[in-house]
Amino acid sequence: MSDAPVLELRNVTKTYTVKQGMFGEPKPLTAINDVSLKLGRGEVLGLVGESGCGKSTLAKVLLGLEAPSSGEVLVDGERLDGQDRRKLARRIQPIFQDPYSSLNPRKSIADIVSLPLRVHKVGDAASRDRAVREILDIVGLPARVMNTYPSQMSGGQRQRVAIARALIMKPEIVICDEPTSALDVSVQSQILNLLGDLRQEFGLTYLFISHNLAVVEHLATRVAVMYLGRIVEEASVGELFDTPRHPYSVALLSSVLTPEPGRGVPDTQLGAVFPNPIDPPSGCHFHPRCARAMPHCAQVAPRPLPTPEGHVECHLYDDSRGRAVA
Amino acid sequence: MTDKPLLSVRGLTIDIPVASGTLHAVRGIDFELMKGETLCIVGESGSGKSLTSLALMGLLGGRISRRASRADFDGTDLIAASNRQMRRLRGARMAMIFQEPMTSLNPAYTIGDQLIEALLLHKKVGRAAARDRAVALLEKVGITSAASRLGQYPHQLSGGLRQRVMIAMALMCEPDLLIADEPTTALDVTIQAQILRLLVDLQREMNMAMILITHDLGVVARIADKVAVMYAGELVETGPAADIFNAPTHPYTRGLINCIPVPGKTARGAKLGTIPGIVPSLVGEVTGCPFRTRCSEAVPACRGEIPVRTRHAGRQRILCVHEDGQRAASEVPA
Ligand SMILES: Nc1ncnc2c1ncn2[C@@H]1O[C@H](COP(=O)(O)OP(=O)(O)OP(=O)(O)O)[C@@H](O)[C@H]1O
Ligand SMILES: Nc1ncnc2c1ncn2[C@@H]1O[C@H](COP(=O)(O)OP(=O)(O)OP(=O)(O)O)[C@@H](O)[C@H]1O
Ligand SMILES: [Mg+2]
Ligand SMILES: [Mg+2]
């Protein structure tokens with residue numbers, strides 16, 4: 001059964017209710033719109049897309065921090081909502097963006113890292129102490145930091161503490177939401193190397209959310225591109241970066257500034273106006289900004305079309321080009 | 001004259017009194033900038049990039065002291081200038097874009113009022129002319145239906161739009177020098193590319209010089225004429241962008257460039273370069289090279305006086321005991 005996905009989303013939708021302005025009517029905001037996704041063991045799924053497209057919401061649903069409005073989440077083929085939160089936390093752990101605010105400043109590093117063990121009542125004091133030392137060693141922190149506090153550590157060290165805390169329960173899946181965005185590049189590379197090593201060593205599976213496409217290309221095995229609550233393209237990392245299909249993927253990749261002097265800043269060919277998620281554009285949500293939009297793109301929402309290693313949602317790849325469906 | 005720099009800084013030093021003594025945050029940095037040129041300052045968090053720009057703008061907090069043997073902006077001594085002189089320069093001839101747009105947009109006033117005030121304060125123009133310029137600039141920075149935006153308040157705009165408004169505001173008086181501190185760090189990559197393109201276009205159009213502070217080496221490579229690499233309060237390497245990227249010399253610069261994955265060059269999943277260790281404390285007396293504790297090229301001499309070395313006919317300068325930033329095989333490591 002090694003082919004069964006460790007984590008799967010089936011038609012998951014998450015709708016929030018928001019009020020626009022002080023006297024506005026409450027309106028639904030679809031943060032994730034009918035998303036299906038499979039994550040195989042040992043894979044690193046990079047999740048990319050514009051600010052507000054629903055990446056963190058997806059992460060929260062996977063972590064069980066938000067209940068989907070409809071659809072289901074399966075871990076190792078089991079439905080998530082049937083399992084209790086604690087059991088889930090042993091298998092899926094998060095690493096968030098901000099190593100400054102996510103660690104309690106009044107607790108020692110040993111307390112912070114051992115907290116999950118105490119919550120889950122694992123082992124006695126001595127064995128927990130051993131486990132903390134072991135995990136600190138794995139993430140490259142000396143045992144003497146156990147009695148220090150977050151304020152005495154650098155950004156990279158704090159993020160290592162956050163990783164140690166996430167790994168001490170030996171989870172199978174780690175959800176990383178912008179784990180290196182707040183860090184200097186010299187620290188970022190240490191954390192990326194560490195995440196790569198841990199994956200090799202423990203067969204971890206990652207969902208890796210990042211705005212930095214060079215980092216995603218480096219670490220991910222698969223990539224999902226999100227736009228306004230939908231995964232508009234999914235492919236292996238090689239396929240996505242070598243032959244992006246969706247015009248939004250193309251725009252995203254073309255805006256990557258590689259450190260090559262003299263090449264100037266590329267033109268993304270993309271309008272700047274991010275659509276209102278409460279009132280998304282008709283048809284294909286991306287059509288108002290799409291350089292290749294066709295008339296029917298404004299009328300007909302594209303369906304997922306299979307590609308050699310994933311799917312794409314775009315009328316350009318639809319034989320009927322959307323007309324037949326209209 | 002074209003060969004006279006617009007901005008020339010020698011020995012800029014910034015000290016901050018802190019509980020445990022004096023923080024020597026910036027220690028004797030030199031750089032210059034010609035009209036229309038772009039200088040990018042990159043470097044570790046906390047290395048003094050923002051303080052440097054605030055010092056030039058005369059916006060450091062009262063407790064912080066600055067000095068320099070030279071800080072000349074087109075004939076004005078930026079350190080000796082009175083508050084009144086500085087107020088006149090700021091906005092009119094030097095402008096700044098801050099990382100967080102909300103720090104410089106006033107939430108209580110409309111976008112229009114803030115843009116128009118910026119101009120009325122510094123230039124002898126009528127309100128109607130100022131309003132026209134505000135609309136024209138908002139359109140230039142890619143804001144649609146600009147005239148109707150004038151009546152909106154900052155909180156009614158998205159982050160990307162606010163950052164554009166900030167840029168428009170900084171450009172209202174056509175400054176000769178624009179200092180932008182991480183102007184795109186908080187934005188999406190697509191919007192980042194759009195805003196940088198826009199800045200470069202407007203800069204060319206107005207022949208404006210620009211100092212851009214960023215952590216992002218990709219941004220630096222694509223827009224800098226000159227690069228200054230800052231580490232722990234010193235400019236450890238300065239030079240033309242092409243030289244810095246094609247022949248980085250200081251061990252910190254080389255380390256930095258090795259840390260980032262470069263699409264098409266770094267093998268996917270391969271180990272990235274790292275710079276182990278942490279930045280030293282700059283409280284109290286600071287001697288020797290501040291990078292020596294993290295440097296693979298360190299030798300005992302790194303504790304002493306560090307010479308300035310110039311390369312490529314003086315265009316590239318490094319602060320290092322090694323001529324070419326590398327320890328000879330015969331030298332003993334520290
Ligand atoms: N608790 C909430 N209540 C109402 N709306 C929400 C809530 N959380 C998120 N949203 C909305 O859902 C959409 C998706 O938000 P989400 O945080 O998932 O985006 P994201 O892709 O993670 O963005 P970023 O890259 O900026 O982190 C946004 O429009 C956001 O405003
Ligand atoms: N008002 C202040 N009081 C005390 N210390 C300060 C003050 N302002 C800055 N510092 C310190 O001076 C050093 C340089 O700060 P600066 O903000 O210039 O760094 P930076 O290079 O801009 O970093 P970043 O990339 O994180 O923005 C840091 O160690 C910072 O903590
Ligand atoms: Mg998010
Ligand atoms: Mg700064």
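**Exercise 1. State how many salt bridges the structure holds over all chains.**

Solution. The total over all chains is 35 salt bridges. This is a predicted model. The predictor gives the complex an ipTM of 0.87 and a pTM of 0.90. For chain B, the mean pLDDT is 91. There, 98% of residues reach 70 or more.

**Exercise 2. Locate the partners of the A:D76 and A:R91 salt bridge, and class each as buried or partly exposed.**

Solution. Step 1: the closest N and O atoms of A:D76 and A:R91 are 2.4 Å apart. Step 2: A:D76 lies in the loop between strand 4 (70-75) and strand 5 (78-79) of chain A. A:R91 belongs to helix 2 (residues 85-91), and the two are 15 residues apart. Step 3: A:R91 has 18% relative accessibility, so A:R91 counts as buried. A:D76 has 30%, so A:D76 is partly exposed.

**Exercise 3. Find which parts of chain B are linked by B:R317 and B:D30.**

Solution. Step 1: their side chains meet in a salt bridge of 3.6 Å, N to O. Step 2: B:R317 sits in strand 13 (residues 316-319) and B:D30 in strand 2 (residues 21-33), 287 residues apart. Step 3: B:R317, at 24% relative accessibility, counts as partly exposed. B:D30, at 22%, is also partly exposed.

**Exercise 4. Describe the salt bridge between B:R315 and B:D243.**

Solution. Step 1: the closest N and O atoms are 3.5 Å apart. Step 2: B:R315 is in the loop between strand 12 (308-311) and strand 13, while B:D243 is in helix 9 (residues 241-246). Step 3: B:D243 has a relative accessible area of 15%, under the 20% cut-off, so B:D243 is buried.

Conventions
Residues numbered from 1 in each chain as written. Chains lettered and ligands numbered in written order. Predicted model: local features only at pLDDT ≥ 70, side-chain atom pairs only at ≥ 80, totals over all residues. Heavy atoms only, no water. pLDDT = per-residue confidence, 0-100. Salt bridge = Lys/Arg side-chain N within 4 Å of Asp/Glu carboxyl O. Helix = DSSP H or I, 4+ residues; strand = E, 2+ residues; numbered from the N terminus. Buried < 20%, exposed > 50% of the residue type's maximum accessible area, 1.4 Å probe, protein only.
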